[in-house]
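Have a look at the sequence and structure first, then read on.

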Amino acid sequence: MSEIKIYETDVVIVGAGNAAMSAAISARENGANVLVLEKAPEAEKGGNSTYTHGSIRFAYDGVEDLKEIMPDLSPEDIESSDFGVYSEEEFYEDMCRVTNYRTDPELASILTGKSFETMKWLTSHKVRWVPIYGRQAFKINGKFKFWGGMIVESVGGGPGLVEALHKEASSLGVQILFNAMATELIHDDNGVHGVIIKHNGKTTRVHAKAVILASGGFHANPEMRTRYLGPKWDLAHARGSRFNTGEGIQMALNIGALACGNWSGCHSVGGDRYLPEFTEGFQKLSYPFGIMVNAEGKRFVDEGADFRNYTYAKYGRLILEQPGQFAWQIFDQKVSRLLREEYKGRQVTKVKANTLEELAEKLDGVDSQDFLQTVREYNASIRKDIPFNPNIKDGRCTEGLAIRKSNWANTLEDGPFEAYAVTCGITFTFGGLKINPTTEVQDVLSNSIPGLYAAGELVGGLFYFNYPGGAGLMAGSVFGKIAGEKAAQFIKTKELMNS
């Protein structure tokens, strides 16, 4: 089939999620004509961003900063909430700590240092934010205390964020093509000059002065998952967008881009054992308030090691390693009121029983006697002299167990009991392309590839083993904004040199 040159533009962006649309808006406001290529049909636009809650992590110095991004924050909200402070230093330390100090220090510094500035920029482009009551703060003694460095989400969650960005981009004159899958970069010794795409099934050339890759990782590609993450990862439940299958990364590698980051690592969570792939409502993240047991009836993880948004992205991997790749989360009535909304839907694999013995018989695939022994030992080990508080790392722990529970340890003794079957879900992959601080994609000689930029989940080097919740969206926005600016500047500089 002959290739037909149809499109010419200044900047072409591969992808249409948070990182891509941040790049599109940024490039457009810096004077570039922009074309966005979305592999998905319009109804499924936005990549993984659409599947998030829109929760985002950023540094702030107190409520006055928060009022800049949430001008509708009422005096009542402020009076009833302890929003605390989350400094750039704390954000940077969280990035280092949860990645075992593997995160690229330069990229992490940019992410944390530009996070609040980028939040104000997004707000100026009509993205609206609200506090995350319920998931990030529980009301104790009449006051909400936010925890874990993440306090706001976009209005309408992930879909609301994507819709707001698309609406703003369109209003600025950004053109968006749907059903447009990039397949190859147009390049020569002087750099990248566009992309070859399949648009509605027909091969088309898009000539551009700069290309920004923001098409996500390869979590929805079982072959790449198994090749890079290892055995059993083809069995993991794929969350998020079904369109994130790694072509953006592969296109760049094919022209000599440098691979970077934790290619054997990913964001993996525990979620419903039987829910179909690419379905919202999969994750089950209230495990810090109960226990998790495997098919042998044994606990295998410290459920209270840290706040949920510092552990959830790595605990899916541990579930995948269990016999049969599943586990059960167990709760009693003392904590059932604290369970997140995703536990209340209809599509939930759940059992309920008035006694532990009855519950043991209902836990499909679990050794009932060993389970009961596990619960007995767990209940007897809890430091009941330490008060329970879900808003802080309360130190209410176990003593003498092979696997400790460090916080939020409550006895399982108040029926009726609830149990939820979970398996591993993969959200996004950590390996990707090497970029420099101005988001230029690097080649295997560590030189910038002229005209090629990258942002979002296909960038490697930020996250290893784990990640702080909400840092992915923030990284997409921060580096997407930079990519748009730098691509536009690259074009202007090139035009000046040629004039």
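The largest cavity holds about 120 Å³ of space. A cavity here is a set of points, on a 1 Å grid over the protein atoms alone, where a 1.4 Å probe fits but cannot get out. Grid points are joined across faces, edges and corners, and a volume is the space filled by probe spheres set on the points. Bear in mind that this is a predicted model: local features need pLDDT of at least 70, side-chain atom pairs count only at pLDDT 80 or more, and totals for chains, interfaces and linings use all residues. Residues are numbered from 1 along each chain as its sequence is written, and side-chain values use heavy atoms, with hydrogens and water left out.

**Cavities**

- Searching the whole structure turns up 2 cavities of 30 Å³ or more.
- The largest cavity has 14 lining residues (those with an atom within 4 Å of a point). Nearest its centre are Phe 138, Trp 147, Pro 288, Phe 289 and Arg 308.
- That lining splits into 9 nonpolar, 2 polar and 3 charged residues. For these classes, Ala, Val, Leu, Ile, Met, Phe, Trp, Tyr, Cys and Pro count as nonpolar, Asp, Glu, Lys and Arg as charged, and the others, Gly among them, as polar.
- The second largest cavity has about 40 Å³ of space, and its lining includes Val 269, Lys 284, Tyr 312 and Gln 329.
- Strand 15 (266–272) and helix 10 (308–320) are the elements that give two or more residues to the lining of the second largest cavity. Helix 10 gives the most, with 4 residues.
- Helices (H or I, at least four residues) and strands (E, at least two) are DSSP runs, numbered from the N terminus.
- By class, the lining of the second largest cavity has 7 nonpolar, 3 polar and 1 charged.

**Second largest pocket**

- A pocket, by contrast, is an open set with protein on both sides within 12 Å along at least five of seven lines.
- Helix 4 (88–98) and strand 7 each supply at least two lining residues, with helix 4 giving the largest share, 3 residues.
- The pocket lining is made up of 10 nonpolar, 3 polar and 7 charged residues.

- An open sheet is formed by 3 strands in the order 4-7-6, with mixed pairing. Two strands pair if DSSP finds at least two bridges between them.
- Strand 4 (81–82) and strand 6 (137–140) are at the edges with a single partner strand each, so one side of each has no neighbour in the sheet.
- Strand 6 and strand 7 (residues 143–146) run antiparallel and are joined by 4 bridges. Ala 137 has Phe 146 in strand 7 as its bridge partner.
- Ser 81 lies in strand 4 and is buried (under 20% relative accessible area, 1.4 Å probe, protein chains only), at 6%.
- Beyond its neighbours within four places in sequence, Ser 81 is in contact (heavy atoms within 4.5 Å) with Tyr 133, Lys 143, Phe 144 and Phe 146.

**Helix 1**

- Helix 1 (residues 18–29) has 12 residues and reaches 16 Å from its first C-alpha to its last. That is close to the expected 16 Å, the expected span being 1.5 Å times one less than the number of residues.
- Of those 12 residues, 10 are buried, so helix 1 is largely enclosed by the rest of the structure. Among the buried ones are Asn 18, Met 21 and Ile 25.
- Just after helix 1, Gly 31 has a positive phi of about 95°.

Definitions and conventions
Buried < 20%, exposed > 50% of the residue type's maximum accessible area, 1.4 Å probe, protein only.
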